[in-house]
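Colleague: Please take me through this model. I will ask, you answer.

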Amino acid sequence: MTALPSTYDDNLRQGLSRLLSLAVLDCVSCLDSLKWLHCPSQPPGVNRLRPSPFCTTSANTSEKTVAVAFLSRHGSHHQIAPHEVPARANIAALRSIGVRSIIAFSAVGSLQEAIKPRDFVIPDQIIDRTKGVRPWTFFEGGVVAHVPFGDPFDEGIAKVVRECGHSLEGDGVVLHDRGTVVCMEGPQFSTRAESNMYRAWGGSVINMSVLPEAKLAREAEIAYQMICMSTDYDCWHDSADVTVEMVMGNMKANAENARRFVTAVLDALAGEEQHTELVQAKHLAGSVKFGVSTPQPHWSPEAQKKLTWLFPGYF
C-alpha cells in the first residue's frame, strides 16, 4: 500500500471517534506528528467525504468533497483499555488540525426495556461514574478554568443527527431522541446491584467512553455529540448477563445500519450551508476565556506552553 501523506493543508469540517470504516470516506493522509503531552490513540486520519444517498434531509447532491478527520479512541486494533484512552491528546490533536465538531460513536448497554439491542440513542445528559484516574482537563498545573457543562452535548448537532436518524426509520434504524448515558470506569462490566441503581437514577444507557471526552471537547470549544448503539441489556435484565461475545455479535449485525446512519449525518452536516457555523462551532468560539480564573501573568510556564499549543494566538 502506498504510504499516506503525513500532512493535510485544507480546512477540516468534522471529527469522528470510534467508527467502523465508511465506504464514502477516502483516506488521504495520516497525521503522525501531532502530540500534546502524550500521543493520541492513533494518528488522526484525514478523509474526503463523498456525497451519499442515505440522508433525505441533506441538500448535498453535488460532487463536492469535504474533509473529515477520523480517530479511533481505543486504537486501530482496540488495544487501549477505557481508562488508558489518551482523551486529552485525542481532543488536542483533532483541534490542532482544525476540527471544531465531533460525532462520537459508542456501543452501549441498555438500562431500559424500551431501548432494545441494536437501537440507537442520541443522549442529552451524562452521569459520571468514572473514578478520577482519567485526566479530565486541559487547565491544570498552574492555570485553572471552570467551563459550563450543564448540557454536555451539542443540541444543534443533535438536532441534525435526530433528523437523519428518523429519515432512516422503517429501514432498520430505531432511534431514541434523548437519554442519559452513565459513564462507568470499566473495563469490567457492572454488578447487578450497580446496574439496577443506575436504572433507579434514570440512566438510559451505559458506556465507558463518553467521559472525559465530552468534557475535554467542551474545554476545547468543540461541538460534541455522541451516537449510542445498544448492544445488550446490561446485567439488570433477566435475559442474560452481558458478554463480549454478545456485544460484538450485535455490533456486527448492526454495522450496516450504523454506517448508513453516521454517513447520513456527515453528509447532512457537510451539505447544508445553514450548518456551516454549527459545524465550525461558532457558538462556542471564545467561550473558554470566560472560564479561566487564573490571571495570565500568574500562569506557570508549562501551562502557558501547553495552552498556547492548544489555542495558538488565543490568550
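Modeller: One term before we start: Ala, Val, Leu, Ile, Met, Phe, Trp, Tyr, Cys and Pro count as nonpolar, Asp, Glu, Lys and Arg as charged, and the others, Gly among them, as polar. This is a predicted model, where local features need pLDDT of at least 70 and side-chain atom pairs pLDDT 80 or more, while totals for chains, interfaces and linings use all residues. Numbering starts from 1 along each chain, and side-chain values use heavy atoms, without hydrogens or water.

Colleague: What volume does the largest pocket have?

Modeller: A pocket is an open set of 1 Å grid points, over protein atoms alone, with protein on both sides within 12 Å along at least five of seven lines. Its volume is the space filled by probe spheres set on the points, joined across faces, edges and corners. For the largest pocket that comes to about 590 Å³.

Colleague: Which of its lining residues are closest to the centre?

Modeller: The lining (an atom within 4 Å of a point) takes in 27 residues. By class, 16 are nonpolar, seven polar and four charged. Closest to the centre of the largest pocket are His 78, Ala 107, Phe 189, Met 208 and Val 247.

Colleague: Which element gives the largest share of that lining?

Modeller: Elements are DSSP runs numbered from the N terminus, helices (H or I) of at least four residues and strands (E) of at least two. Those giving two or more residues to the largest pocket are strand E5 (101-110), strand E10 (205-207), strand E11 (223-232) and helix H5 (244-253). The largest share, five residues, comes from E5.

Colleague: How many cavities are there of 30 Å³ or more?

Modeller: In a cavity a 1.4 Å probe fits but cannot get out. The largest cavity has a volume of about 80 Å³. The count of those at 30 Å³ or more is three.

Colleague: Which residues follow a cis peptide bond, and where do they sit?

Modeller: Gly 186 and Pro 187 are joined by a cis bond with omega about 0°. Pro 187 lies in the loop between strand E9 (180-184) and helix H3 (192-200).

Colleague: What phi does Arg 118 take?

Modeller: Arg 118 sits in the loop between E5 and strand E6 (120-121). Its phi is positive, in a residue other than glycine: near 85°.

Colleague: Which residues of H4 touch H1?

Modeller: The axes of helix H1 (residues 87-96) and H4 come within 9 Å and cross at roughly 40°, so H1 is oblique to H4. H1 brings Ala 87, Arg 88 and Ile 91 to the contact (heavy atoms within 4.5 Å). From H4 come Pro 212, Glu 213, Leu 216 and Ala 217.

Colleague: How many charged residues are in the contact of H2 with H6?

Modeller: Helix H2 (residues 155-167) and helix H6 (residues 255-271) pack at about 125°, axes 9 Å apart, which makes H2 oblique to H6. Ile 157, Val 160, Val 161, Cys 164 and Gly 165 of H2 meet Phe 261, Ala 264, Val 265, Ala 268 and Leu 269 of H6. Nine of these residues are nonpolar and one polar; charged, there are no residues.

Methods: Axes are lines fitted to C-alpha atoms, for helices over the stretch in contact, and angles run from 0 to 180 degrees between N-to-C directions. Angles under 35 degrees count as roughly parallel, over 145 as roughly antiparallel, 65 to 115 as roughly perpendicular and the rest as oblique.
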